[in-house]
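Visitor: I would like to learn how to read a structure like this one, feature by feature. Could you take me through it, with the general idea before each case?

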Amino acid sequence: MTTLAQIVLVGSCAGYLGYKLATRVLVRYYVLSLLNVFILSLVVLNVLAFMIGLFKYTWQQVDFQRLMSLMPYLLPQFLHFTTPISFLTAVCFTFNNARMCGEITAMRACGVNLKRLTIAILVFAVIISWF
């Protein structure tokens with residue numbers, strides 16, 4: 001199974017694409033992949049936190065309508081805990097997937113600097129940490 005990163009890397013090694021264009025495409029590919037997994041895990045973890053909060057307040061005999069009006073106020077507290085876990089999950093999943101598909105080996109073989117990719121991921125992490 002060939003991925004977009006492997007196709008770009010083969011083109012970069014063969015000289016069809018410029019080196020700068022190949023790294024730009026790869027950085028965009030990995031950041032978008034990271035963003036997709038981050039959003040999915042953030043939604044799943046917030047739904048789980050919402051369900052835990054639902055069960056917690058149900059035991060205290062709070063009616064459902066009042067509970068639903070309370071949940072938007074609890075969302076920032078949920079996001080405070082779920083955002084770092086979601087980002088860690090996204091980074092682990094994205095780079096494990098790249099390793100399993102052989103994309104990291106292909107990047108090293110083509111001479112692509114992995115620091116460029118790391119810097120893009122760190123910038124993404126700094127942007128997330130501001131919120």
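Visitor: How many helices and strands does the secondary structure of the chain come to?

Guide: Helices (H or I, at least four residues) and strands (E, at least two) are DSSP runs, numbered from the N terminus. By that rule the chain has 5 helices and 0 strands, and its elements, read from the N terminus on, run α-α-α-α-α. The model is a predicted one, in which local features need pLDDT of at least 70 and side-chain atom pairs count only at pLDDT 80 or more, whereas totals for chains, interfaces and linings use all residues. Residues are numbered from 1 along each chain as its sequence is written, and side-chain values use heavy atoms, with hydrogens and water left out.

Visitor: What share of the 131 residues counts as buried?

Guide: Buried means under 20% relative accessible area and exposed over 50%, with partly exposed in between (1.4 Å probe, protein chains only). Of the 131 residues of the chain, 34% count as buried.

Visitor: Which residues of helix α4 are buried, and which are exposed on the face turned away from them?

Guide: An α-helix has 3.6 residues a turn, so residues three or four places apart point the same way. In helix α4 (residues 103-110), the buried residues are Glu103, Met107 and Cys110. Seen down the axis of α4, these buried residues fall within an arc of 70 degrees (taken from the directions from the helix axis to the C-beta atoms), so they line one face of the helix. The face of α4 turned away from the buried side carries the exposed residues Thr105, Arg108 and Ala109. After α4 comes glycine 111, with a positive phi near 85 degrees.

Visitor: How many aromatic pairs does a search of the whole structure find, and how should I read them?

Guide: A pair of aromatic rings is described by the distance of the centres and the angle of the planes. Rings of Phe, Tyr and Trp (its six-membered ring) pair if their centres lie within 6.5 Å, and planes under 30 degrees apart count as stacked, over 60 as edge-to-face and the rest as tilted. The search of the whole structure finds 5 aromatic pairs. In the case of tyrosine 29 and tyrosine 30, the ring centres are 5.1 Å apart and the planes stand at 70 degrees, so the pair is edge-to-face. Tyrosine 29 counts as partly exposed because its relative accessibility is 24%, while tyrosine 30, at 2%, counts as buried. Phenylalanine 38 and phenylalanine 87 also form an edge-to-face pair, with 6.4 Å from centre to centre and 75 degrees between the planes. Because phenylalanine 38 lies in helix α2 and phenylalanine 87 in helix α3 (residues 64-100), this pair ties together parts that are 49 residues apart in sequence. Both phenylalanine 38 and phenylalanine 87 are buried. Ring pairs also link Tyr29, Tyr30 and Phe95 into a cluster.

Visitor: Where are alanine 49 and phenylalanine 78 found, and how many residues apart in sequence are they?

Guide: Alanine 49 is found in helix α2 and phenylalanine 78 in helix α3. They are 29 residues apart in sequence, and their C-alpha atoms are 6.6 Å apart in space. Alanine 49 is buried, with a relative accessible area of 17%, and phenylalanine 78 is buried with 15%. Alanine 49 can also be read against threonine 82, 33 residues away along the chain, with 8.5 Å between the C-alpha atoms.
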